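Please open the model in a viewer and keep the selection panel at hand.

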Amino acid sequence: MFLMKQLTCETNIIYSFSKDHAPAMTVDAGETVVIETYDCFENQIESNDTELGSINWNQINPATGPIYVNGAQKGDLLKVTIKKIEIGHQGVLATGEGLGMLGDELSGMTHRVLPIEDGYAIFDDRLKIPLTPMIGVIGVAPEGEAVSCGTPNHHGGNLDTKLMKEGATVYFPIFTEGALFALGDFHAAMGDGEVGGSGVEVPGKATVTLDVVKGHSIDHPVIVNENGIAFHVSEKTLDEAVQGATKRAAHFLASEANLSPAEAVMILSAAGEAEISQVVDPLLTARMIIPQFILDAYGIQPFQS
Ligand code: CA
Ligand code: ZN
């Protein structure tokens with residue numbers, strides 16, 4: 001029995017991803033670490049009686065980190081294996097005026113604390129929502145200026161994608177030495193789109209293995225799971241995000257299977273899955289999934305050396 005490295009959120013939170021942040025911890029490539037996180041409200045909403053006007057709105061979307069990974073160089077990939085996600089005993093949903101898809105109809109802010117019991121988030125005495133624990137904010141330091149933890153982009157960040165769950169292997173482009181990895185914003189459950197503006201926001205702990213992959217190149221986050229490979233792109237509009245994700249999937253498939261671009265997009269048109277991750281953050285995130293049977297047919301093992 002050996003003790004894994006643990007990173008607490010109490011002294012190690014950031015509100016942006018930046019190459020200028022000092023590392024909170026250094027690990028070797030291949031090392032596994034347990035990272036503790038606040039919820040996206042920094043645990044300020046404790047009950048249904050909390051006045052949302054009274055919380056500090058500057059303390060929103062904290063991520064825990066950053067972690068410097070030895071051997072990570074610009075141009076490599078950071079491979080993050082999500083081994084385990086543990087969540088707290090209650091979560092909070094919030095929506096309101098100007099937030100989410102009903103933001104034009106709502107006035108003020110509304111929130112609800114959901115007890116988490118026996119695999120469900122309890123919405124009311126009639127509805128229990130099955131837990132689908134996931135990580136909302138996860139990524140590395142971006143190329144240029146710092147990016148707020150509320151925004152998703154090339155480096156990851158606030159991707160709010162349902163696929164960021166236990167068992168997933170996630171690849172990020174590395175823009176700076178050490179990669180400077182961080183994560184936060186867990187959801188006990190979230191639907192595709194996150195249409196009201198929040199998931200069931202919850203504090204928690206993630207056990208992740210951080211590794212470096214050389215000799216491959218990506219420019220947006222990619223998630224590999226038992227169902228296939230999912231290319232995530234965030235843009236100002238959903239149309240652009242879907243196009244960006246589809247292009248990356250098609251280029252990957254064409255290159256790995258020695259197909260023409262037309263053949264690759266025909267295959268995606270026949271069996272690829274364009275899905276919405278979220279439509280409520282400053283950039284919108286879509287994903288294009290190449291199902292596993294297509295990878296199997298062409299003998300593709302993503303990002304193996
Ligand atoms: Ca989020
Ligand atoms: Zn969240």
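Select N158 and D185 to begin: N158 is buried, and D185 is buried too. The model is a predicted one.

Next, display the calcium ion (ligand 1). Its coordinating atoms are N158 (OD1), D160 (OD), D160 (OD) and D185 (OD), at 2.2 to 2.5 Å. Along the sequence, the donor residues of the calcium ion (ligand 1) follow the spacing N-x1-D-x24-D. Colouring by secondary structure places N158 in strand β15 (residues 156-158) and D185 in strand β17, so this pair ties together parts that are 27 residues apart in sequence.

D185 bridges the calcium ion (ligand 1) and the zinc ion (ligand 2), and the two ions lie 3.2 Å apart.

Now centre the view on the zinc ion (ligand 2). Which protein atoms are the donors of the zinc ion (ligand 2)? They are D185 (OD), H187 (NE2), E201 (OE) and E201 (OE), lying 1.8 to 2.5 Å from the ion. In chain order, these donors are spaced D-x1-H-x13-E.

Why is the arrangement around the zinc ion (ligand 2) irregular? The 4 donor atoms subtend angles of 57 to 144 degrees, whereas four donors count as tetrahedral if all angles lie between 85 and 135 degrees.

Finally, select H187 and E201. H187 belongs to strand β17 (residues 181-187) and E201 to strand β18 (residues 201-202), so the pair ties together parts that are 14 residues apart in sequence. Both H187 and E201 are buried.

Notes: Residues are numbered from 1 along each chain as its sequence is written. Chains are lettered from A and ligands numbered from 1 in the order in which they are written. This is a predicted model: local features need pLDDT of at least 70, side-chain atom pairs count only at pLDDT 80 or more; totals for chains, interfaces and linings use all residues. Side-chain values use heavy atoms; hydrogens and water are left out. Donors are N, O and S atoms within 2.8 Å of the metal (3.2 Å for Na, K and Ca); water is not among the atoms, so sites may look incomplete. Four donors count as tetrahedral if all angles lie between 85 and 135 degrees; four count as square planar and six as octahedral if opposite donors are over 155 degrees apart and all others between 65 and 115; anything else is irregular. Helices (H or I, at least four residues) and strands (E, at least two) are DSSP runs, numbered from the N terminus. Buried means under 20% relative accessible area, exposed over 50%, partly exposed in between (1.4 Å probe, protein chains only).
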